[in-house]
Amino acid sequence: MPSTVRTLKLPSGEAVPLLGQGTWKMGEDRRRRADEVSALKLGLDLGITLIDTAEMYASGGAEEVVAEAIAGRRDETFLVSKVLPSNASRAGVERACEASLKRLSTDRIDLYLLHWPGSVPLSETVEAFESLKAQGKIRYWGVSNFDTDEMEDLVGLPSGGNVQTNQVLYNLSRRGPEFDLAPWCAERGIPLMAYSPVEQGALARNARLEAVAARHNATAAQIALAWAMAQPGVIAIPKAVRQEHVRQNAAALDIKLAPEDFSDLDRAFPPPTRKRGLEMI
């Protein structure tokens, strides 16, 4: 278990874990379900109590996996789920949230996100989120895959300033958000939630990362995670199904990168020098 469970504050003032557990692609194969549930349970045991899921993942199957993993432990879990843009109308958000609550076997979602910008007016989606908050069905809301201009539009809406996070693709090989999105969010105290912080495993096999990892008796994946969590205002949500990987993810919290490490990583993965469109996978 990491020596200290590090946290980051949402704009609401609530502290949430700096490291979470992702569930993308969970729930797709019942033969893997026991391993998926066990991995999430182990993560909770290790203090990784933020779990991120979505109605899109396995068409709700991932939420059902999460429900099994957090059974009897709901109060220690900070639960994040997402609504599809196709369900982002006032009535659609209400229906989608009810369905997610049922699959998750809970009475509330801690943080409910719009999965990416869609055709429904954002003002309507925000109104729906605020209604769900008033009903106690969600505690907070945020967005995912929003670029800087879209965040500007959002906070300009009535109640738009209540946004608590923006979940985006961000890792050493996808540093585009650093040019303007990350500073914009940091200035307003809105955390970025980095999905695929190990680039779906690709960074775990990177020789340049392995060179840095050797100095810390760590793995390349752990260095990629430690780097992401060292960025101001960033929460990392890797997915792990193997128990060994869950333990390694938790241990990454104790890795303290040195200035030499950051310099080497910047040479290997240069930060952006111009605006790039926000990437998604």
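Arg 267 is out in the open: its relative accessible area is 60%, so it counts as exposed. Keep in mind that this is a predicted model. Arg 267 has a salt-bridge partner, Asp 264, with 2.2 Å from N to O. From there we can look at other charged pairs, and then at the protein as a whole.

**Around Arg 267**
- Both Arg 267 and Asp 264 sit in helix 10, which covers residues 259–268.
- They are 3 residues apart, or about one turn of the helix.
- Asp 264 has 22% relative accessibility, so it counts as partly exposed, while Arg 267 is exposed.
- The pair also belongs to a network of salt bridges, which links Arg 215, Glu 260, Asp 261, Asp 264 and Arg 267.

- Which side chain does Lys 82 meet in a salt bridge? It's Asp 52, at 2.8 Å from N to O.
- Lys 82 lies in strand 5 (residues 78–83) and Asp 52 in strand 4 (residues 50–52), so this pair ties together parts that are 30 residues apart in sequence.
- Is Lys 82 buried or exposed? Its relative accessible area is 0%, so it is buried.
- Asp 52 comes in at 2%, which makes it buried too.

- Arg 32 is partly exposed, at 36% relative accessible area.

**Charges overall**
- Side chains of opposite charge can pair when their charged atoms come close.
- How many salt bridges are there? The count comes to 26.

**The whole fold**
- The protein contains 10 helices and 10 strands.
- Its radius of gyration is 18 Å, close to the 19 Å that the globule rule gives for 281 residues, so the protein is as compact as a globular protein of that length.
- Along the principal axes, the C-alpha atoms fill a box of roughly 55 × 45 × 30 Å.
- Of the 281 residues, 55% count as buried.
- Take the contacts between residues at least 6 apart in sequence: 77% of them join residues at least 24 apart.
- The protein exposes about 11700 Å², and carbon and sulfur atoms supply 49% of that area.

Note on methods:
Residues numbered from 1 in each chain as written. Predicted model: local features only at pLDDT ≥ 70, side-chain atom pairs only at ≥ 80, totals over all residues. Heavy atoms only, no water. Salt bridge = Lys/Arg side-chain N within 4 Å of Asp/Glu carboxyl O. Buried < 20%, exposed > 50% of the residue type's maximum accessible area, 1.4 Å probe, protein only. Helix = DSSP H or I, 4+ residues; strand = E, 2+ residues; numbered from the N terminus. Rg over C-alpha atoms; globule rule 2.2 N^0.38 Å. Contact = heavy atoms within 4.5 Å. Areas by Shrake-Rupley, 256 points an atom, 1.4 Å probe, with all protein chains shown as cover.
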